[in-house]
Amino acid sequence: MTAITNNSQQGSTKTYDAIVIGSGIGGLVTATQLAAKGLQVLVLERYLIPGGSAGYFEREGYRFDVGASMIFGFGSEGTTNLLTRALAAVGQEIETIPDASQIHYHLPKGLDLKVHRDYEQFLAALGDRFPAEREGIRKFYDECWAVFNCLNVMELLSLEELGYLFRVFFQHPLACLGLVKYLPQNAGDIARRHIRDPELLKFIDMECYCWSVVPADQTPMINAGMVFSDRHYGGINYPKGGVGQIAAKLVTGLEQAGGEIRYKARVTEIVIEEGKAVGVKLANGETLKARRIISNATRWDTFEKLLPPADLPKSERRWQERYQKSPSFLSLHLGVKADLLPPETECHHILLEDWQEMEAPEGTIFVSIPTLLDPSLAPPGYHIIHTFTPSWISDWEGLSAKDYAKKKEEAGDRLIARLEAIFPGIGSALDYQEIGTARTHRRFLGRDDGTYGPIPRRKLLGLLGMPFNRTAIPGLYCVGDSTFPGQGLNAVAFSGFACAHRVGVDLGV
Ligand SMILES: Cc1cc2nc3c(=O)[nH]c(=O)nc-3n(C[C@H](O)[C@H](O)[C@H](O)COP(=O)(O)OP(=O)(O)OC[C@H]3O[C@@H](n4cnc5c(N)ncnc54)[C@H](O)[C@@H]3O)c2cc1C
């Protein structure tokens, strides 16, 4: 199944079944699923390695995750363990290290709490802090389980494929009705049904914000049900060797299944003939053809850069009226002396000093210390601390090189000063430091304005407004975090399964 390429400016003479633009986890899951069905697939990646926001980089003996490091989807049971399943579909697996807790929160007014892997232990700790709300706490999180239990019995494929919908409805009618009930709801509405305490409701906001980057009122209940339950079910598990292993293994599986991937292959245009997507043009002038084109770039990149913005389909215009780009992140990748961290330090932390600042730029600080789980990612005697905080591209544009460097350094110093509250002495324990801004995210991840992904402009009806994989342009599909069900590695893996299923049915396999 090797492609016959002639390496000319005209490009390959071969027509692939599918070309996938981008090797993020959404793109790779789609590609591996299609290759496993026997289709001829080519993945085109603009960067040097696969993974996108789940990639990595190496400096002076450290291997840093560029983004994601709190990984869902590696469970061994149920159907929502989509990373385990995606790898297995192409004969791959990854050794993972279980995390004893999802997050250690350091919140205003001394609200210091760990989300234990054990559900009852977590409920007890939260109940100890809000004794009058013990019952409401249980009711809210139990309702999240109700959503999760519906999802976790059914094969998660394309919701825009009627045959699948009928099949799954007859197999699991109650679970389907449960999901239909929760699909248009947001976590905030459900939380307020059970909980009164304003501080506890703020905590629920943060529980949502730390992965959806919007408060509970705008966070779809389907996503909340997944996250708030799976952390106690499949758990959070870190891939040995770093998050980059996920993409690397998917690529191995893709190639073993007969698929291809090309790096430094930036797509500059989606070729449309008679209104249908039929191929892509690369930055080197090559044109490549396929029966189906799948974009793993964000919707903004796909419809405004790879296609003429003037031709933006009406459905995309309507989508943009409902969703906007979230901010990017200011990321600080640190190497620190190991004795900085006391025993029992958790891998993931959230720090916020003032509830008013939760959504503000440089408000909430996220911290991951993956070397607590896999020490091989740093030189002996050192740890990695990856810390990041929301930041808009507009704050980083129009600066001279000198001013940009100075502003980065000042922002890094501000973050480190705040981290002293949870890691006293961090400023003097530094061995390595690298700062990435929204510009860095835009450049290396190929994401418009370096955005983390789409967020609702206002309160919407749960997940109802998120598009599936087909687009208004025949032959063109989208996959990844600007499709249902949104951001996060397990979520984009869901999108990949759904996209491959839809494309497979459309191609008659
Ligand atoms: C700082 C940070 C922390 C995060 N933490 C977590 C976490 O702890 N847990 C979690 O689950 N999720 C986390 N996420 C979110 C998660 O990483 C993303 O939602 C997910 O990786 C997005 O995957 P994707 O498939 O949509 O695409 P992306 O990862 O965006 O990949 C798209 C790929 O397409 C390529 N591409 C784009 N345009 C072109 C083109 N024209 N030609 C060729 N190639 C192109 C890009 O180079 C990239 O490789 C985090 C994200 C960030 C930024």
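The legends below describe close-up views of one predicted model. Residues are numbered from 1 along each chain as its sequence is written. Because the model is predicted, local features need pLDDT of at least 70 and side-chain atom pairs count only at pLDDT 80 or more, while totals for chains, interfaces and linings use all residues.

**View 1. Helix α15, residues 489-506**. Helices (H or I, at least four residues) and strands (E, at least two) are DSSP runs, numbered from the N terminus. The 18 residues of α15 reach 25 Å from the first C-alpha to the last, close to the 26 Å expected at 1.5 Å a residue, where the expected span is 1.5 Å times one less than the number of residues. Since 16 of these 18 residues are buried, α15 is largely enclosed by the rest of the structure; buried means that 20 or more other C-beta atoms, placed from the backbone, lie within 10 Å of a residue's own. Just after the helix, Gly 508 takes a positive phi of about 80 degrees.

**View 2. The contact between domain 1 and domain 2**. Domain 1 comprises 15-55 + 72-94 + 239-323 + 457-506, and domain 2 comprises 118-235, with bounds from an automatic or database domain assignment. Their centres, taken over C-alpha atoms, are 26 Å apart. The contact (C-beta atoms, placed from the backbone, within 7 Å) takes 27 residues from domain 1 and 30 residues from domain 2, and α15 provides the largest share of the domain 1 side, 6 residues.

**View 3. The residues around the ligand**. Of the 39 residues around the ligand (C-beta atom, placed from the backbone, within 6 Å), those that come nearest are Gly 22, Gly 24, Gly 26, Gly 52 and Gly 480. Helix α15 is among the elements that give two or more residues to this shell, although α1 gives the most, with 3 residues.

Conventions
Buried ≥ 20, exposed ≤ 12 C-beta atoms within 10 Å, placed from the backbone. Contact = placed C-beta atoms within 7 Å.
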